[in-house]
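Please look over the sequence and the model shown here before reading on. The text below goes through pockets and then charged pairs.

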Amino acid sequence: MGSLPHVVEDCFGLLKLYSDGSISRNPEVPCPTPLLDDDSVLYKDLLFDANRNLHLRLYKPSSSTSLEKLPILFYFHGGGFCFGSRTFPHFHNLCVRLTTAFNTLVVAPDHRLAPEHRLPAASDDACLALKWLQGQAAMHGKNVEDVDTWLTGVDFDRVFVLGDSSGGNMAHHLAVKLKAGSMELAPVRVRGYVLVAPFFGGSVRTKSELEQPCEAFWNLEMYDRFWRLSIPVGSTLDDPLVNPFGPCSQNLAEVPLDPILVVVGGGEILRDRLEDYATRLKQLGKKVEFVEVEGQQHGFFTDHPFSDVAEKVIQRIRDFILDNSN
């Protein structure tokens with residue numbers, strides 16, 4: 001009689017991968033953050049891909065009598081590709097903040113989670129969400145019942161993508177796939193990408209990864225565990241899905257990219273890796289801004305979207321949006 005399956009990966013007791021490939025999840029992921037539900041923003045959920053049962057949440061300012069010419073901001077949440085949903089309070093609260101700060105329509109899609117659905121599933125789903133918007137835009141003005149009324153009059157020509165942590169990784173891969181001008185999404189036009197502490201990795205450790213392998217909560221071993229759970233079986237930290245400048249990654253010199261803003265906390269384990277990412281893109285002639293927020297650790301923007309520090313980041317993002325709206 002064979003031995004019983006044993007746990008080979010355990011994420012906080014909430015997600016366990018067993019030796020036989022089976023997976024168990026705690027359906028209740030604890031989140032101490034209270035849900036913000038005031039009168040400043042209206043929101044609703046929609047199904048954007050029936051085949052994968054994927055939903056998104058739309059947010060709009062409640063003070064707007066018309067969405068005429070409001071830009072659109074996609075928000076892709078973090079969670080190491082293994083956790084997260086538009087319904088998580090801290091992601092929801094950030095979307096509320098982004099909606100009011102930029103007076104924009106925010107689109108917050110879910111994606112399939114690893115290890116049940118390993119990469120590139122999450123990035124594929126991110127692309128599907130933008131394709132959903134393209135479908136809405138194509139039917140705009142044709143009096144088609146499938147067009148959501150909240151998208152009436154928005155500016156499909158001014159779309160921005162903001163990704164946080166693993167969502168920032170997804171935003172990078174969207175930028176590379178869609179290229180400058182995002183012609184395959186016409187009439188939708190992505191104008192720029194904001195990568196907040198994008199989750200990248202690599203087999204060669206950076207100085208900050210070696211010298212500061214622990215933050216108040218996160219540590220390098222946790223990051224490695226998320227990679228083991230999310231990348232294709234048999235792959236490594238130099239997989240192009242993990243390392244944009246790895247030995248097997250696409251040569252980005254040949255890829256025209258829309259503007260990118262990279263934001264990272266100065267106290268993050270990934271700080272040096274992300275500065276190197278931005279520096280290399282600049283050396284390739286890409287339009288990239290790098291913002292380091294002194295002393296902050298991973299998750300500072302998502303966990304505290306109404307803080308003074310977050311307000312400074314929001315101002316930089318606002319400037320980025322204004323600079324790239326034409």
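**Pockets and salt bridges**

The second largest pocket has a volume of about 200 Å³. Among the 15 residues lining this second largest pocket, N243, F245, R273, D276 and R280 are closest to its centre. A pocket here is an open set of points on a 1 Å grid over the protein atoms alone, where a 1.4 Å probe fits and protein lies on both sides within 12 Å along at least five of seven lines; lining residues have an atom within 4 Å of a point. Volume is the space filled by probe spheres set on the points, which are joined across faces, edges and corners. The lining of the second largest pocket divides into six nonpolar, four polar and five charged residues (nonpolar: Ala, Val, Leu, Ile, Met, Phe, Trp, Tyr, Cys and Pro; charged: Asp, Glu, Lys and Arg; polar: the others, Gly among them).

This is a predicted model, in which local features need pLDDT of at least 70 and side-chain atom pairs count only at pLDDT 80 or more, while totals for chains, interfaces and linings use all residues. Residues are numbered from 1 along each chain as its sequence is written, and side-chain values use heavy atoms, with hydrogens and water left out.

The largest pocket holds about 740 Å³ of space. Its lining has 29 residues, with F12, H90, F217, W218 and D303 nearest the centre. Elements giving two or more residues to this lining are α1 (89-102), α5 (220-230) and α7 (300-303); helices (H or I, at least four residues) and strands (E, at least two) are DSSP runs numbered from the N terminus. By class, the lining of the largest pocket has 15 nonpolar, eleven polar and three charged residues.

Side chains of opposite charge can pair when their charged atoms come close. The structure holds 24 salt bridges, each a side-chain nitrogen of Lys or Arg within 4 Å of a carboxyl oxygen of Asp or Glu. One of them joins D45 to R57, with the closest N and O atoms 2.6 Å apart. D45 lies in strand β4 (residues 41-49) and R57 in strand β5 (residues 54-61), so the pair ties together parts twelve residues apart in sequence. R57 counts as buried because its relative accessibility is 7%, whereas D45, at 35%, counts as partly exposed (buried is under 20% relative accessible area, exposed over 50%, partly exposed in between, with a 1.4 Å probe and protein chains only).

E292 forms a salt bridge with R271, the closest N and O atoms being 2.7 Å apart. This pair links strand β11 (residues 288-293), which holds E292, to helix α6 (residues 271-283), which holds R271.
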